[in-house]
Amino acid sequence: MGQFERKAVSAICFGVSLAFAGSVSAGTFPDFGYAPPSTDFKGTLFELSQNYPKQLPAAPLPAFFKLLPSPLSNNFETWRTYTAAVGKYCLEGNVENDWVVQKNPVRHWYHAPWQHYGPLGREGIHGLTKEAQIQTKQLAPTQVATGQTYAVGIYNDVGGYTFGEVWKNPQNPDPSYTTTPKSFHDGTVVCKALFADIDLAQVPFLVNPVLWRGYITDTFHSANRTIKNVALIQMDFAVRDSRIPGTGWIFGTFQYNGAMTGKPGWDNLVPVGVQWGNDPEDTGDSYTNKQPVVTKINPDLKQTAINANTKELPPTHLGWNGRLDGPVDNPVSACMSCHLTAESPQLSPMNPTFQAPEKVPPVGSKEWMRWFQNLMAGTPFDAAALSTDYSLQLAGGIANFYEWKCDQGGVFVNGGNACQQANTQLKLRKAATPQQPKIYKIERDPVLEQLQ
Ligand code: HEC
């Protein structure tokens with residue numbers, strides 16, 4: 001490339017940075033990576049809610065904070081009112097507006113940037129990202145076919161404020177805002193709706209489904225996308241609450257049970273439970289339950305509370321040795337076990353089993369339990385990284401950003417240290433996720449389009 005061309009390229013890049021500089025607002029970050037073909041989809045496309053608040057909201061604590069049980073008990077009934085109130089907080093004003101959260105008349109919600117990029121990137125109908133494969137019999141004994149999961153997460157204004165800080169300079173995300181001594185502020189609430197692409201006839205609790213259209217891959221291992229129906233199966237939440245000893249966070253989840261009301265609706269979401277720590281002392285494996293016929297509740301866990309009402313909750317697998325997990329989560333993990341690893345750069349995999357077989361430590365060993373320790377909000381999982389405070393979307397978004405920035409065939413030749421980190425990280429991610437499809441094509445990358 002000659003001198004002139006190089007200049008031209010950097011001028012373009014500079015143009016982009018200029019457009020990016022200053023305050024983050026609509027249009028700063030791409031909305032999605034995979035646009036449905038206009039011949040097949042005529043509706044409104046997904047827009048990223050990205051007008052992150054510039055000031056910490058004046059009254060950051062949601063009303064449900066008053067409902068936190070005391071003492072924190074593993075009896076789910078003491079959590080029932082709290083959990084229901086968080087669920088309502090997530091859904092109010094969103095269900096009526098088909099999760100176009102910008103239209104919510106009750107409260108503001110925001111999406112995480114940089115989830116559009118890569119093979120798992122956001123699709124253009126609901127902003128769904130591709131998650132995991134659903135293994136056979138993971139949901140019910142009758143489920144003999146595999147499936148795949150898609151999801152969309154949203155942050156309330158308190159969480160959105162922190163996103164705005166980290167991404168203030170969209171060309172240089174700064175996770176020092178979420179690493180100790182800083183962290184997400186008290187009152188941060190994150191909700192995530194998860195959808196299954198699976199043969200519904202094989203999953204009894206998905207009767208009367210809530211269906212969304214999604215521009216998704218044919219199967220988990222495919223890169224080819226079409227518009228398909230996906231069924232609401234799970235809703236997660238995470239709440240930053242400094243009253244919680246050891247972690248400063250509460251995670252919780254709901255599972256769909258279409259028999260509850262007998263008709264499709266978000267009110268069919270029933271609580272699975274809550275988790276506010278990883279129970280580092282519990283090293284057993286006897287409650288792990290990969291192919292559930294019943295829900296196995298481990299009474300020894302002190303920091304997980306599971307809904308024991310079997311009329312409400314269909315048989316479900318939970319996480320490693322009974323820690324909290326949702327139906328489409330990995331049964332040898334747990335909510336806070338995965339989320340504990342959220343950091344930038346991502347130096348460790350999310351689960352001890354996401355490594356080359358010879359590196360997987362024995363179940364319950366000291367090395368294994370590294371993934372089941374309790375870390376206070378803002379504490380990095382690896383000393384050489386900065387914490388993204390239990391937010392895997394923040395960690396993944398920053399990783400995607402550097403992957404994009406450093407992968408652009410010499411456009412950003414001077415990426416330097418950040419690119420070296422990104423490359424290490426990329427290798428780690430590839431090693432850690434052997435089940436991910438190897439070949440993918442980005443059908444539309446709005447950031448690249450701006451550059452071209
Ligand atoms: C196998 C690892 C894993 C497990 C187990 C897991 N998550 Fe996540 N979670 C992720 C990843 C990766 C993301 C970010 C990607 C995305 O949202 O698409 C995420 C995103 C989220 C988000 C959006 C905000 C954020 O932190 O990125 C919430 C809220 C959440 N998960 C809650 C839960 C809850 C509650 C559970 C347990 C019921 C759970 N998760 C179990 C990996 C996991």
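This is a predicted model: local features need pLDDT of at least 70, side-chain atom pairs count only at pLDDT 80 or more; totals for chains, interfaces and linings use all residues.
**Whole chain**

Start with everything shown as a cartoon. The chain has seven helices and eleven strands. Colour by burial next: of the 452 residues, 46% are buried. Then turn to contacts with a separation of 6 or more: 69% of them link residues 24 or more positions apart.

Centre on Ala196. Leaving aside neighbours within four places in sequence, Ala196 is in contact with Ile134, Gly147, Thr149, Val230, Ala231, Ile233 and Val328.

Select strand 8, residues 269–275. Six of its seven residues are buried. On one pairing, strand 8 runs antiparallel to strand 7 over six bridges. Look for Phe254, which stands opposite Pro271 in strand 8. Strand 8 also pairs with strand 9 (residues 304–306), again in the antiparallel sense, over three bridges. Here Gln275 has Thr304 of strand 9 as its bridge partner.

**The loop between strands 1 and 2**

Move to His116, in the loop between strand 1 (109–110) and strand 2. Is His116 buried or exposed? His116 is buried, because 29 other C-beta atoms lie within 10 Å. Not counting residues up to four places away in sequence, His116 touches Pro30, Asp31, Phe32, Gly33, Gly121 and Arg122. Check the C-alpha atoms of His116 and Phe32: they are 4.5 Å apart in space, yet the residues are 84 apart in sequence.

Stay in this loop and select Trp114. Its phi is near 65°, a positive value in a residue other than glycine. Most residues other than glycine have a negative phi. Trp114 is buried, with 26 other C-beta atoms within 10 Å.

**Another positive phi**

Jump to Leu318, in the loop between strand 9 and helix 4. Leu318 is not a glycine, but its phi is positive, at about 55°. With 27 other C-beta atoms within 10 Å, Leu318 is buried.

**Two cis peptide bonds**

Select Ser70 and Pro71. A cis peptide bond joins them, with omega at about -5°. Pro71 lies in the loop between helix 1 and helix 2. Then go to Thr180 and Pro181, also joined by a cis peptide bond, with omega about 10°. Pro181 sits in the loop between helix 3 (157–166) and strand 4. Most peptide bonds are trans.

**Last stop: Leu45**

Return to the loop between helix 1 (3–20) and helix 2 (80–91), where Leu45 is found. Leu45 counts as partly exposed because it has 16 C-beta neighbours inside 10 Å, and a buried residue needs 20 or more. Leu45 and Gly127 are 82 residues apart in sequence and 8.6 Å apart in space, C-alpha to C-alpha.

Methods
Residues are numbered from 1 along each chain as its sequence is written. Helices (H or I, at least four residues) and strands (E, at least two) are DSSP runs, numbered from the N terminus. A residue is buried if 20 or more other C-beta atoms lie within 10 Å of its own, exposed if 12 or fewer, and partly exposed in between; C-beta atoms are placed from the backbone. Two residues are in contact if their C-beta atoms, placed from the backbone, lie within 7 Å. Two strands pair if DSSP finds at least two bridges between them.
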